[in-house]
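Okay, everyone, thanks for coming.

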Amino acid sequence: MILAVELYKAIVIGPRNVGKSSLVRRYLEDIFTETYNATIGVDMKPTSMDFPDGTVVMNIVDLGGQESFTLLRSRFYQGAHHVMLIYDCTERETFDQIVDWYENLALSFCEAEKNPVSGALVGNKCDLKENIEVSSQEGKQLADVLCLDFYKTSAKTGEGVGELFINAATTSRTRFGRGGYN
Ligand SMILES: Nc1nc2c(ncn2[C@@H]2O[C@H](COP(=O)(O)OP(=O)(O)OP(=O)(O)O)[C@@H](O)[C@H]2O)c(=O)[nH]1
Ligand SMILES: [Mg+2]
């Protein structure tokens with residue numbers, strides 16, 4: 001029996017400095033660095049995941065969060081099967097921006113896609129327990145309103161990171177079945 005390969009595109013978005021690239025790095029390379037190197041534009045990282053009934057290749061598209069990339073970013077929204085929308089749970093300002101990010105994303109999707117946005121809202125840096133400004137309960141409530149799954153993560157300790165990316169593959173499979181780009 002020949003097992004099919006399914007191809008999906010997952011985009012990682014959210015304000016600058018919230019830890020998007022760190023989450024991707026933790027998942028793909030299992031490392032964490034304290035120094036901040038802003039993503040200039042976009043960083044694409046394909047990865048494969050084996051399931052009992054076949055392989056998923058997921059192109060992880062990590063988009064720089066700086067204002068100056070707003071226009072560029074929206075081009076990479078097209079064709080996405082899954083979105084990971086990240087905020088920093090120690091910076092309320094980043095949580096307050098999430099609805100705007102979601103609306104921009106939804107606008108691009110409505111123009112270009114048949115399907116509504118689906119994915120996860122992610123409260124990162126949950127290891128910094130003393131500095132939490134946004135509770136998990138608030139995060140979960142907003143995720144429910146936006147019809148997204150909710151994850152609490154730490155790129156530093158690895159908490160929730162594997163689950164987040166496996167969820168990206170499994171929900172893409174559930175929604176788009178075999179195929180993706182095929
Ligand atoms: N304590 C802690 N620090 C984190 C965590 N994730 C990221 N950081 C730190 O936060 C800073 C920003 O991380 P990045 O992953 O570069 O953030 P980004 O969202 O990709 O930023 P842009 O590319 O500019 O949009 C770095 O100094 C990281 O070390 C985390 O889970 N816990
Ligand atoms: Mg980055």
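This is a predicted model: local features need pLDDT of at least 70, side-chain atom pairs count only at pLDDT 80 or more; totals for chains, interfaces and linings use all residues.

Now, is Ile166 buried, exposed or partly exposed? There are 14 other C-beta atoms within 10 Å of Ile166, so it counts as partly exposed. To be called buried, a residue needs 20 or more.

Okay, let's zoom out. The protein chain has six helices and six strands. Reading along the sequence, you get β-α-β-β-α-β-α-α-β-α-β-α. For its 182 residues, a compact globule would have a radius of gyration near 16 Å, and the chain has 16 Å, so the two agree. The box that the C-alpha atoms fill is roughly 55 × 35 × 30 Å along the principal axes. As for burial, 38% of the 182 residues count as buried. And here's one about contacts: if you take those with a separation of 6 or more, 72% are between residues 24 or more positions apart.

Now to the inside. The largest nonpolar core has 42 residues, and Ala10, Ile11, Val12, Met84 and Leu85 have the most contacts inside it. Who supplies this core? At least two residues each come from β1 (5-13), α1, β3 (54-63), β4 (82-88), α4 (98-112), β5 (119-124), α5 and α6 (161-176). Take Val12 as an example: skipping its neighbours within four places in sequence, its contacts include Lys20, Val24, Ile60, Leu63, Met84 and Ile86.

Let's stay with helix α1 for a bit. Seven of its 10 residues are buried, so α1 is largely enclosed by the rest of the structure. Those buried ones are Lys20, Ser21, Ser22, Leu23, Val24, Arg26 and Tyr27. What do they pack against? That would be β1, β2 (42-51), β3, β4, β5 and α6. Tyr27 counts as buried because it has 20 C-beta neighbours inside 10 Å. Leaving out residues up to four places away in sequence, Tyr27 touches Val161, Gly162 and Phe165. Just after α1 comes Asp30, with a positive phi of about 55 degrees.

Helix α1 turns up again at the ligand. Of the 24 residues around ligand 1, Gly19, Ser21, Ser22, Thr39 and Gly65 come nearest. Which helix gives the most to this shell? It's α1, with three residues. By type, the shell divides into five nonpolar, 13 polar and six charged residues.

Last stop: helix α5, residues 136-145. Here Gly139, Leu142 and Ala143 are buried. Looking down the axis of α5, you'd see its buried residues fall within an arc of 105 degrees, so they line one face of the helix. On the face turned away from that buried side sit the exposed residues Gln137, Gln141, Asp144 and Val145. After α5 comes Cys147, with a positive phi near 55 degrees.

Conventions
Residues are numbered from 1 along each chain as its sequence is written. Chains are lettered from A and ligands numbered from 1 in the order in which they are written. A residue is near a molecule or strand if its C-beta atom, placed from the backbone, lies within 6 Å of it. Helices (H or I, at least four residues) and strands (E, at least two) are DSSP runs, numbered from the N terminus. Ala, Val, Leu, Ile, Met, Phe, Trp, Tyr, Cys and Pro count as nonpolar, Asp, Glu, Lys and Arg as charged, and the others, Gly among them, as polar. A residue is buried if 20 or more other C-beta atoms lie within 10 Å of its own, exposed if 12 or fewer, and partly exposed in between; C-beta atoms are placed from the backbone. The arc is that of the directions from the helix axis to the C-beta atoms. Two residues are in contact if their C-beta atoms, placed from the backbone, lie within 7 Å. A nonpolar core is a set of buried Ala, Val, Leu, Ile, Met, Phe, Trp, Tyr and Cys residues joined through C-beta atoms within 7 Å. The radius of gyration is taken over C-alpha atoms; the globule rule is 2.2 Å times the number of residues to the power 0.38.
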